[in-house]
Amino acid sequence: MRDRALIAEDHDDMRDLLQEVLDDAGYETLVAANGRQALAHIKKENEMIDLVITDVRMPEMTGHELLAKARELRPESPVIVITAFGSVEQAVEMVKAGAYQYLTKPFENRDILRLVEEALEESAAQREQARLRREQPAAPPHIIGASRPMRELFDHIALAARSASTVLVIGESGTGKELVARAVHEMSGREGAFVPVNCAAIPAELIESELFGHTGSAFTGAKQPRAGLIEASDGGTLFLDEVGELPPPVQPKLLRSLQEGAVRRVGANIEKSVDLRVVAATNRDLEQDVRDGRFREDLFWRLNVIRLEVPPLRERPVDIPLLVEHFVNKTTEAGKKPPLDVSSEALAILTAYSWPGNVRELENAIERAVAFARGTVITPADLPKRVRTSGGASALIARSIEQNMTLRELEREYILGVLRRTGGNKSRAAELLGLDRKTLYRRLDEYRADGATGL
Ligand SMILES: Nc1ncnc2c1ncn2[C@@H]1O[C@H](COP(=O)(O)OP(=O)(O)OP(=O)(O)O)[C@@H](O)[C@H]1O
Ligand SMILES: [Mg+2]
């Protein structure tokens, strides 16, 4: 369907010119010779208007009054202001009051067309965000995300929750693996406890008795018999975090428990059966550990029955605004502070940053920004310096050298980075990149075909 613009302009020549330029560019147009006529169009509920172009000074109703009505009745339609040299000040006021942008007469045809295209793209992007927000409730409890890879993950979590098989959660540090493990447990309906065990945090010599428990006489110092964490998770879910750190001697014992559904406490002769469900997580390349002989292959296959991959945050920038809002609210509520907004500059910086520490790093940055914010808005100055400064090209060049990127890979990173910075606005990104739109679209198609997500 073609986008439709409402043109409000009292000078006939100007109105005809605008109509012709927009018609030629493939838009539908509606025209009004004064503010009142324009308002009549805006009030008609069944009339589709995607964009308003208005003059500042018009008889019967000024552009400013028309803008206020348009914002109220059609908040989704952007308003572009056309201004004569003498009324630039009023036009600036109108931009402050919510107009998309103003353009001074006389202007080139391509200037107005570029503005129209940008304004329409931006409002389409905002509608898409709103739609994603509405779809949010489908997510498992506590996990924020609306990007395509996250929605896929939510589907897989639901499938994993319905099955009794072992789940292996894979993802970089801070991506939310523990959250995913908890969601699998909560949605599984298993009534026992969720028992998290961090395999990296327990000293190797203690982990066996922590997991399996021990009899009273198992070793000196152990006077009371004690159940281990596997028994504690009976009927619930045992979450083996950083499972790659499990010491080699314990690995076959865990495998046996998984196969038999039973535990034998350290020092005991008999096994006790348990209703065991394991969710394991790792940020390591466990396959490589298997090849290097650090991790038992049979245990790996036993754990890797259902595999959930949590994508890094840089591959799903559309989730960043949602997470920012979530963490701002969470932090202000916890600190009993008044609600805070995030300025669009700050949000643009947060969205462009690559987040090597993923969601955890973002959460920390927001907590800090909430503490730093002085007024009612979080601004770029409240963000950590590395976030503020590393969106620049130097960080990308440094990373490209470190990772031995090819020129093609570097180009891809740069293009995607610029696109994130423009909030997904492709015509503005093309302009910044010095590419024509066709070339940009072709590149994006290639990246999509290579499996890039969130485009
Ligand atoms: N999608 C999300 N929605 C809301 N909060 C999230 C999300 N992902 C992560 N978090 C939050 O980010 C922090 C890190 O998440 P989590 O501990 O689950 O990461 P992890 O993958 O287990 O990291 P690590 O590998 O370092 O242990 C937590 O405070 C978690 O609540
Ligand atoms: Mg973790």
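**Notebook: a walk through a predicted model**

I began with A146, which is buried, its relative accessible area being 4%. I noted that the model is a predicted one. A146 sits in the loop that runs between α5 (109-135) and α6 (148-162). I then looked along the chain to L323, 177 residues apart from A146, and found 9.9 Å between their C-alpha atoms.

**Entry: helix α14**

I turned to α14 (residues 344-352) and listed its buried residues: A346, I349, L350, T351 and A352. What do the buried residues of α14 pack against? I found the helices α13 (319-334), α15 (358-372), α16 (385-389) and α18 (407-421), along with the strands β15 (341-342) and β16 (377-378).

**Entry: R74, a charge without a partner**

I found R74 in the loop between α3 (63-73) and β4 (79-83). R74 is buried but has no salt bridge. Which side chain of opposite charge is nearest to R74? I looked it up: E47, 5.9 Å away. A salt bridge needs the nitrogen and the carboxyl oxygen within 4 Å. Setting aside neighbours within four places in sequence, I saw R74 in contact with H41, I42, K44, E45, E47, M48, I49 and K69.

**Entry: salt bridges**

Side chains of opposite charge can pair when their charged atoms come close. I got a count of 35 salt bridges, and I picked a few to follow.

E93 and K96 form one, at 3.8 Å from N to O. Both belong to helix α4 (residues 88-96), three residues apart, or about one turn of the helix. I noted E93 as partly exposed at 40% relative accessibility, and K96 as exposed at 65%.

Next I checked E287 and R307, whose closest N and O atoms are 3.4 Å apart in a salt bridge. This pair links distant parts of the chain, with E287 in helix α11 (residues 286-291) and R307 in strand β14 (residues 306-309), 20 residues apart. E287 is partly exposed at 28%, and R307 is partly exposed at 30%.

Then came D450 and R408, a salt bridge with its closest N and O atoms 4.0 Å apart. D450 lies in the segment after α20 (437-449) and R408 in helix α18, 42 residues apart. I have D450 down as exposed at 54% and R408 as partly exposed at 46%.

**Entry: a charged patch**

Last, I looked at the surface, where D13, D16, E20, D23 and D24 gather in a patch of negative charge. One of them, D23, is in helix α1 (residues 12-24) and is partly exposed, with 36% relative accessibility.

Notes. Residues are numbered from 1 along each chain as its sequence is written. Chains are lettered from A and ligands numbered from 1 in the order in which they are written. This is a predicted model: local features need pLDDT of at least 70, side-chain atom pairs count only at pLDDT 80 or more; totals for chains, interfaces and linings use all residues. Side-chain values use heavy atoms; hydrogens and water are left out. Helices (H or I, at least four residues) and strands (E, at least two) are DSSP runs, numbered from the N terminus. Buried means under 20% relative accessible area, exposed over 50%, partly exposed in between (1.4 Å probe, protein chains only). Patches are made of residues with over 30% relative accessible area and no salt bridge: like charges are joined within 9 Å, nonpolar side chains (Val, Leu, Ile, Met, Phe, Trp, Tyr) within 5 Å. Accessible areas come from the Shrake-Rupley method with a 1.4 Å probe; for residues, only the protein chains shown count as cover. Lys and Arg count as positive and Asp and Glu as negative; His and the chain ends are not counted. The place of a charge is taken as NZ of Lys, CZ of Arg, CG of Asp or CD of Glu. Contact means heavy atoms within 4.5 Å.
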